Amino acid sequence: KQKTAYEMCGRDWSSDVCSSDLNAQGNTPVLSPDGRWLAFYRGTDIWVMQIGEDSVPRRLIDDQNLQALAAFSPDGRWLAYASSETGDFEIYVRPFPDVSSGKQQVSVENGFGAVWSRSVREIFFVDGTSLLVSDVTPGPEIAFSVPRPLFSTEGLEAVSNGFDVSPDGRRFLFVRKATADSGDPTEQLILVQNFAEDLKAKVPD
């Protein structure tokens with residue numbers, strides 16, 4: 001049975017992916033829920049590879065805009081990403097894998113770093129100052145509500161895979177920015193063992 005190994009590469013903690021078997025190099029790689037697709041951005045575009053089928057990556061959307069940070073919906077039917085086609089980065093969603101069959105803009109005034117809820121009923125993103133949510137109406141023609149702010153992200157690293165949402169959609173996990181005057185070390189690697197038990201003790205149901 002053939003196996004493909006992926007490794008994080010680069011010295012700047014940029015979550016790069018390198019795979020000599022697939023001839024793929026790019027930033028912020030994500031796997032589809034069924035494990036069949038790998039998406040990442042490289043240069044100004046989002047690229048994908050069908051694992052076990054493609055020998056080289058292929059550009060997903062062929063236009064002249066900057067694209068980044070792909071996010072598969074948990075059911076694998078939709079792909080969210082950020083694009084600069086309006087002049088500012090906004091969140092868009094397309095059907096997957098047939099991305100040419102439709103496109104919807106989710107954010108209104110800036111959007112980056114989309115994260116789906118596990119139920120596919122909500123999509124979260126940041127606009128530079130706040131975390132916002134748009135309610136999702138799934139179906140053959142997916143629909144999105146006008147985004148509403150949830151809370152400020154000041155002091156938090158909320159882009160480039162800097163946050164996630166819990167399976168029940170009630171809690172958020174962020175990377176907190178360390179500053180020279182905060183008293184926190186700016187370069188430190190912390191290993192947390194027995195994370196689930198520690199989290200239960202600190203955040204009871």
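This is a predicted model: local features need pLDDT of at least 70, side-chain atom pairs count only at pLDDT 80 or more; totals for chains, interfaces and linings use all residues.
Biologist: Which loop does V120 lie in?

Modeller: Residues are numbered from 1 along each chain as its sequence is written, and side-chain values use heavy atoms, with hydrogens and water left out. Helices (H or I, at least four residues) and strands (E, at least two) are DSSP runs, numbered from the N terminus. On that count, V120 lies in the loop between strand 11 and strand 12 (122-126).

Biologist: Is V120 buried or exposed?

Modeller: Buried means under 20% relative accessible area, exposed over 50%, and partly exposed in between (1.4 Å probe, protein chains only). V120 isn't a glycine, yet has a positive phi of about 65°. Its relative accessible area is 6%, so V120 is buried.

Biologist: And what is the relative accessible area of N110?

Modeller: N110 sits in the loop between strand 10 and strand 11 (112-116). It has a positive phi too, about 80°, although it is not a glycine. N110 counts as partly exposed, with a relative accessible area of 31%.

Biologist: Which peptide bond is cis?

Modeller: Look at the loop between strand 9 (90-95) and strand 10 (104-105), where you'll find P97. With omega near 10°, the cis bond is the one from F96 to P97.

Biologist: How many strands does the protein have?

Modeller: The protein has 205 residues, and buried ones make up 39% of them. Its secondary structure comes to one helix, plus strands numbering 18.
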